[in-house]
Amino acid sequence: MIAPSILSADFARLADEAAAVAGADWLHVDVMDAHFVPNLTLGLPVVEALLRHTDIPMDCHLMIDDPDRWAIGYAEAGAYNVTVHVEAAADPVKLAANLRAAGAKAGLSVKPNTPLEPYLEILRHYDTLLVMSVEPGFGGQGFISEVLDKVRTARRLVDTGQLTLLVEIDGGINQDTIEAAAEAGVDCFVAGSAVYSADDPAKAVAALRAQAGRVSAHRGGVH
Ligand code: DX5
Ligand code: ZN
């Protein structure tokens, strides 16, 4: 699965930019509050407006403080998947239950230096794990390949039935890095600059999906 990140799109033309990636599996929307990360993007009113203009399932990545209070609004608005950061959530188990009760999938994200092991019990309550492969805050950064160890761990836990979730990766994914991520066992690839800097974003999505698919098939099946 490929989830283009509109962080690299033209914010004045978001509906058109969503249409430009028709065929994408999810539309990744980065919400930043200038507190949890040193950048400010958009919030619930923009997400609500964009939801009225696209049928692509929306993947909201909340890089915000106090997600226990604010994440529910994105689920109620109709986002398909709502991801919060484990570093910011006070009660991530309760938060996941609230997101699911509001009709969304619940996602948990870990920054590059955040280990997985302390959160394995919590992850049993989540539908997606978003492994950050750059420090959250900005698009166009270089891929941190060390995080692939966490992807491999998560993949193994899913394949052995100890966790039931999609493994998603975010940051620095492009044609040079997607194969290593696919090899490690990623299910869903977020790509911002690699998609929106292309002349034809929809074609870039299809090309990335094909590239990852070849590797997944080779390592024993598409997840
Ligand atoms: C970064 C965001 C990413 C960003 C990825 O904090 O979470 O979703 O858009 O952009 P690229 O693909 O350019 O690294
Ligand atoms: Zn993101």
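Q: What makes D149 count as exposed or buried?
A: This is a predicted model, and every value here is computed from it. The relative accessible area of D149 is 52%. Exposed means over 50%, so D149 is exposed.

Q: D149 and R152 meet in what kind of pairing, and how do you know?
A: The side chains of D149 and R152 approach to 2.7 Å, N to O. A salt bridge needs a side-chain nitrogen of Lys or Arg within 4 Å of a carboxyl oxygen of Asp or Glu, so the pair is a salt bridge. Both residues lie in helix 6, three residues apart, which is about one turn of the helix.

Q: Why is R152 called partly exposed?
A: R152 has 41% relative accessibility. Buried means under 20% and exposed over 50%, with partly exposed in between, so R152 falls in the middle class.

Q: What makes R155 and D159 a salt bridge?
A: The closest N and O atoms of R155 and D159 are 3.3 Å apart, and the cut-off is 4 Å. These two residues also belong to helix 6, four residues apart, again about one turn of the helix.

Q: Which classes do R155 and D159 fall into, and why?
A: R155 has 5% relative accessibility, so it counts as buried. D159 has 51%, so it counts as exposed.

Q: How do you know that the span of helix 6 is close to the expected one?
A: Helix 6 has 12 residues and reaches 16 Å from its first C-alpha to its last. At 1.5 Å a residue, 16 Å is also the expected figure.

Q: Which residues of helix 6 are buried, and what covers them?
A: The buried residues of helix 6 are L148, K150, V151, T153, A154, R155, L157 and V158. Their cover includes strand 5 (105–110), helix 5 (120–123), strand 6 (128–132), strand 7 (166–170) and helix 7 (178–184). Just after helix 6, G161 takes a positive phi of about 80°.

Q: Which residues touch the most other members of the largest nonpolar core?
A: That core has 64 residues, and I6, L62, V82, Y126, I169 and F189 touch the most other members. Helix 6 supplies the largest share, five residues. Another core, of seven residues, lies apart from it and has A3, M132, V134 and C188 among its members.

Q: What is F189 in contact with, leaving aside its neighbours within four places in sequence?
A: The contacts of F189 are M1, I2, A3, I169, I173, I178, A181, A182 and A212.

Q: What makes H28 and D30 buried?
A: Buried means under 20% relative accessible area. H28 has 0%, so it is buried. D30 has 6%, so it is buried too.

Q: How many salt bridges does the structure hold, and which residues are linked in a network?
A: There are nine salt bridges. D10, R13, D16 and E17 are linked in a network of them. Within it, the side chains of D10 and R13 meet at 3.6 Å, N to O. D10, at 32%, counts as partly exposed, and so does R13, at 39%.

Q: What is the phi of A34, and where is A34 found?
A: A34 has a positive phi of about 65° although it is not a glycine. It is found in the loop between strand 2 (27–32) and helix 2 (44–51). Its relative accessible area is 43%, so A34 is partly exposed.

Note on methods:
Residues are numbered from 1 along each chain as its sequence is written. Chains are lettered from A and ligands numbered from 1 in the order in which they are written. This is a predicted model: local features need pLDDT of at least 70, side-chain atom pairs count only at pLDDT 80 or more; totals for chains, interfaces and linings use all residues. Side-chain values use heavy atoms; hydrogens and water are left out. Buried means under 20% relative accessible area, exposed over 50%, partly exposed in between (1.4 Å probe, protein chains only). A nonpolar core is a set of buried Ala, Val, Leu, Ile, Met, Phe, Trp, Tyr and Cys residues joined through side-chain atoms within 4.5 Å. Contact means heavy atoms within 4.5 Å. The expected span of a helix is 1.5 Å times one less than its number of residues.
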